[in-house]
Amino acid sequence: MTSYDVEKGAHASSDTSDSKPYNAAHITDNHNAVPGESFEIGNSWYARAQRFAGKLGFEQRGIERVPEDERTDSGFRALLNVGTMWFSANMVVSSFALGLLAKQTFYLGVADSMLVILFFNLLGITPVCYFSTFGPRFGLRQMVLSRFWYGWYGVKLIAVFNVLACIGWSAVNSIVGAQLIETVNPDVKGPAGIVIIAILTLAVTTFGYKVVHAYEFYSWIPTFIIFLILLGVFAHSGDFVAIPWEAGTAEMGSVLSFGSVIYGFATGWTSYAADYTVYQPSNQSRTKVFFWTWLGLIIPLCFTEMLAVAVTSATALNGGDNRYNDGYNATHTGGLLGAVLIFHLGTFGKFCIIILALSIIANNCPNIYSVALTVQVLAHWTARVPRFIWTFIATGVYIAIAIPAYYDFALVLQYFMDFIGYWLAIYEGTSLADHFVFRRGMKGYIPEHWDQPMKLPPGIAAVFAFCCGIAGMVTGMSQVWWVGPIALKAGAFPYGGDVGFELGFLFSFVAYCAARPLEKKFFGR
C-alpha cells in the first residue's frame with residue numbers, strides 16, 4: 001500500500017484491492033490514518049455527500065483512524081468531556097427506572113439493594129473505563145479495535161449484536177420517555193413522544209463527536225437538579241420505609257438476578273467506549289482517562305439507582321395501600337415520580353417530569369452516534385456510506401420499532417433486550433483474554449493493521465470462544481421465559497439466581513485461552 005502525506009503532496013494510493021474497504025479517494029498518512037481532507041476528494045457520490053456534510057458542519061469521519069494532528073480534544077477539557085459524557089448519559093430516568101426493580105421485581109430490602117447497586121456497578125463500569133483508554137492510544141473506534149481480537153470477519157458478528165443493542169435500547173428508552181410525557185399530558189400520545197425524543201436525539205448525533213460531547217457536557221445539569229428536588233421532597237415527606245433484607249437461597253437468587261441487571265446496564269457502554277476518546281492525543285494519560293470515565297459513570301449510576309430504591313420503599317406503606325403503589329401499578333416509573341413530584345409540587349412537578357423524560361436524549365445519544373460507526377464495520381459498501389446517513393437510517397428504524405412496541409409488544413422488546421445484554425460479558429471475556437494473555441498490554445498491537453485483513457487474526461478462536469460464552473450464558477441465565485440449570489442452583493425455585501453474565505465471561509475467557517494458541521500455530525497470525 002502506498003501512503004500519502006497531505007502536507008508533502010505525495011501521490012495518492014493506487015491500491016483499490018478488496019482489502020481496502022473505503023472510497024478510492026481516501027488517502028492515508030505514514031501511520032495508516034486517514035486525514036480529514038481526503039473525505040472530499042473526487043466527484044463520486046461519496047465525496048459529494050461529504051462536501052455537503054462539511055458545509056453543514058457534520059462530522060465527516062467514520063471508522064477511519066484519526067491522524068495525530070487532528071486529535072484536538074486535548075488538555076483538561078478533554079478529561080471533562082469524557083467525564084461529563086458518561087455523567088449525562090447515566091444521570092437519566094432510565095437509570096432511575098432500573099433501581100425500581102430491586103423491590104418491585106426482586107423483592108429486596110433497602111440496604112441489600114444499595115449494596116448490590118454499588119458493587120455490581122463497580123464491576124460493570126470497569127471494562128468501559130479500561131477500553132476508553134484505547135481511543136487516545138490508537139485513534140480507533142471500539143468496533144474497529146475489536147478487529148484485533150475477532151479478526152476482519154469475526155468482528156461482523158460482534159457488530160450485528162452491537163447494532164441490535166443500539167437500536168433496541170434506543171427504542172426501549174424512547175418508550176420510557178414517551179410514557180412519562182403522556183403521563184403528564186395525555187394529549188401527547190406515545191408515538192408523538194417517541195418522535196419528539198428521536199428527532200431531538202438525531203439533531204445532536206448528526207453533527208457528530210464534538211456536538212455530542214458539547215451536549216453531554218451540560219445536559220446533566222437540569223436532570224441532576226430535578227433529581228435533587230425529588231430527593232428533597234421525598235425526604236421531607238417522611239415516607240421512607242427501611243425495608244429489611246432477608247436471608248437464605250431466595251435472597252441469594254434475588255441479589256444475583258438484580259445484580260445481573262445492574263451489571264448489564266453499567267457495562268452496556270463497553271462496545272462504544274473508545275468512540276468518545278479517539279480525538280484525544282496519543283500521549284494522553286491513560287490513568288486520567290480511566291479515572292474521569294470512572295467518575296462519570298459511578299456517580300450518576302449509584303445516585304439515581306439508590307434514589308429509586310429509597311423512593312420505591314414508600315410503596316410498602318400501609319401494607320401497599322398508598323398513592324406510591326397505586327402510581328407505580330398505573331404507569332410504573334411515571335406514576336411513582338408523580339406520587340412525589342406532582343402530589344407535592346403540582347404543575348411544577350409536571351414540569352420536572354417532562355425534564356426527566358427529555359433526559360432520554362442524553363441516554364440515546366451514545367447509542368445513535370455509535371450505531372452508525374458499527375454499521376460501517378459490517379461490509380465494504382456500508383463503510384462507503386457516510387456516517388451521518390447511517391444516523392438518519394438508524395433513527396428511522398428505532399422509531400419504526402418503538403411506536404408499535406409502545407402499544408403491543410413493549411414487554412417482549414424488554415425481554416429481548418435483557419437477553420441481548422448478556423453478550424457484552426462474552427465480548428469482554430474474549431477481548432480481555434487476548435489483550436492480557438496474548439498481547440500482554442498495549443505494546444502488543446500494531447494499529448496500522450486496522451484495515452488490513454491478512455494482518456489481523458483470523459478470528460476463528462474468538463468466534464469459537466464467543467459461542468462457548470453463549471453456552472455458559474444459557475446455563476446460567478434466569479429470565480421469565482428461560483431458567484438455566486445452573487441458575488436454578490443459585491437461588492430458590494422457580495427462578496433461581498441469574499449467573500449468566502458471570503458464566504458467559506468465564507466460558508469465553510477460558511475457551512479463547514485454549515483456542516488462540518492453536519489458531520496462531522496454524523495461521524501464524
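Colleague: What makes helix H2 mostly covered?

Modeller: This is a predicted model. Buried means under 20% relative accessible area. In H2, 12 of the 16 residues are buried, so the label "mostly covered" follows from that cut-off.

Colleague: Which residues of H2 are buried?

Modeller: Among them are Ala78, Leu79, Asn81 and Val82. The run Gly83, Thr84, Met85, Trp86 and Phe87 is buried too.

Colleague: What do the buried residues of H2 pack against?

Modeller: Six helices: H3 (93-104), H4 (110-132), H9 (209-237), H10 (249-266), H11 (286-312) and H15 (360-378). Contact here means heavy atoms within 4.5 Å.

Colleague: How do you know what span to expect for H2 at 1.5 Å a residue?

Modeller: The expected span is 1.5 Å times one less than the number of residues. H2 covers residues 75-90, which is 16 residues, and 22 Å is expected. H2 reaches 24 Å from its first C-alpha to its last, close to that value.

Colleague: What share of the protein chain's 525 residues is buried?

Modeller: Buried residues make up 59%.

Colleague: And what share of contacts with a separation of 6 or more joins residues 24 or more positions apart?

Modeller: In the protein chain, 80%.

Technical notes:
Residues numbered from 1 in each chain as written. Predicted model: local features only at pLDDT ≥ 70, side-chain atom pairs only at ≥ 80, totals over all residues. Heavy atoms only, no water. Buried < 20%, exposed > 50% of the residue type's maximum accessible area, 1.4 Å probe, protein only. Helix = DSSP H or I, 4+ residues; strand = E, 2+ residues; numbered from the N terminus.
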